[in-house]
Amino acid sequence: MFTGSMPALVTPFSNGELDLDTLKHLVEWQIQQGSTGLVPVGTTGESPTLSHEEHEIVVEQVVKTSAGQVPVIAGAGSNNTVEAIRFVRFAQKVGADAALVVTPYYNKPTQKGLFSHFRALHDCADIPIIIYNIPGRSVVDMTPATIGELAKLPRIVGVKDATGDLARVSQQRASCGTDFCQLSGEDATALGFNAHGGVGCISVSANVAPKLCAEFQQATLAGDYAKALDYQDRLMPLHEAIFIEPGLVGAKYALSKLGLCSTEVRSPLTELDDSTKAAIDAAMIHAGLI
């Protein structure tokens, strides 16, 4: 069910408030451009600065607008297990197809604590759960062995791997089985990730270049790595430029160049430096987006 190019959607704002009309248009555009899934309210959706109510409004709007055309994997993470249970249950209630749950950040649980957290979320609802392993942000790394133990539970169905370690794909195939859904969380290494056995990417760049990212994923999944490499060459400057500063800020700026979204972000994030804007402009020209 969860394969191909799935944007980690930005959350549009207008004068400090949610801009639901723009969000609706972005969802419709993403589907029209070929994205095979949608992931609202991850880090790219500015989840750290959304209230719980705003978080739920965004998830519900994306589910409603997509209307079953593509799967919706709702961000549902927290470093507080009780809060994460609330988000997982809400995702199920409004009809999301899965919940994306990040490893608890800041409080640095052990592997035993990670297992306990995800076991509680598995048991609280009937919705599939995708683990989000991103040590660079959460400062804790879930090992392939722990993921393998969780994969024995029927509703722990996959992992979004943002470790940047391509060996993890093979290690997780060994610990979780070859049917376990492995999704890249890093655009720049998505080519190698799929070559190792991954089946898609939850992508920041796909906010801006959904058609190219979808066609890139299609090529890898068809085994046409020569074609995929051509797409990689077009997209790599964009992958790099968007992340010169926090990726969601870069994605919103690039979307603003396409007339699709404002650049507005919430503090403590700020507008891009001019040098970063110039790098994104050049990358978009290189990719043929502007």
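This is a predicted model: local features need pLDDT of at least 70, side-chain atom pairs count only at pLDDT 80 or more; totals for chains, interfaces and linings use all residues.
Let's start with strand β7 (residues 156–161), which is mostly covered: five of its six residues are buried, where buried means under 20% relative accessible area with a 1.4 Å probe and protein chains only, exposed means over 50%, and partly exposed lies in between. Residues are numbered from 1 along each chain as its sequence is written, and side-chain values use heavy atoms, with hydrogens and water left out.

**Around β7**

Strand β7 has partners on record in both β6 and β8. With β6 (residues 129–133), β7 runs parallel through five bridges; with β8 (residues 181–184), β7 also runs parallel, through four bridges. Two strands pair if DSSP finds at least two bridges between them. Together with helix α7 (residues 167–176), β7 and β8 make a right-handed β-α-β unit. Right-handed means that, with the strands pointing away from the viewer, the path from the first strand over the helix to the second runs clockwise.

**The nonpolar core**

Ile-131 turns up again in the largest nonpolar core, which has 44 residues; Ile-131, Val-62, Val-88 and Val-101 touch the most other members. The elements that give two or more residues to this core include α1 (20–33), α2 (52–66), β5 (98–102), β6 and β7. Helix α3 supplies the largest share, seven residues. Such a core is a set of buried Ala, Val, Leu, Ile, Met, Phe, Trp, Tyr and Cys residues joined through side-chain atoms within 4.5 Å.

**Two cavities**

The structure holds two cavities of 30 Å³ or more. A cavity is a set of points on a 1 Å grid over the protein atoms alone where a 1.4 Å probe fits but cannot get out, and its lining residues have an atom within 4 Å of a point. Grid points are joined across faces, edges and corners, and a volume is the space filled by probe spheres set on the points.

| Cavity | Volume | Lining residues include |
|---|---|---|
| Largest | about 50 Å³ | Ser-5, Asp-187, Cys-201, Phe-216, His-239 |

Helix α9 gives the largest share of the lining of the largest cavity, three residues, and both β9 (200–203) and α9 (210–221) supply at least two. That lining has four nonpolar, four polar and one charged residues, whereas the second largest cavity has two nonpolar, four polar and three charged. Here Ala, Val, Leu, Ile, Met, Phe, Trp, Tyr, Cys and Pro count as nonpolar, Asp, Glu, Lys and Arg as charged, and the others, Gly among them, as polar.

**Backbone spots to check**

Most residues other than glycine have a negative phi, and most peptide bonds are trans. Tyr-106, in the loop between β5 and α4, has a positive phi of about 75°, and Tyr-106 counts as exposed at 74% relative accessibility. Val-139 has a positive phi of about 60° and sits in the loop between α5 (135–138) and α6. The peptide bond from Ser-267 to Pro-268 is cis, with omega near 15°; Pro-268 is found in the loop between α11 (247–257) and α12 (274–287).

Technical notes
On a 1 Å grid over the protein atoms alone, a cavity is a set of points where a 1.4 Å probe fits but cannot get out, and a pocket is an open set with protein on both sides within 12 Å along at least five of seven lines; lining residues have an atom within 4 Å of a point.
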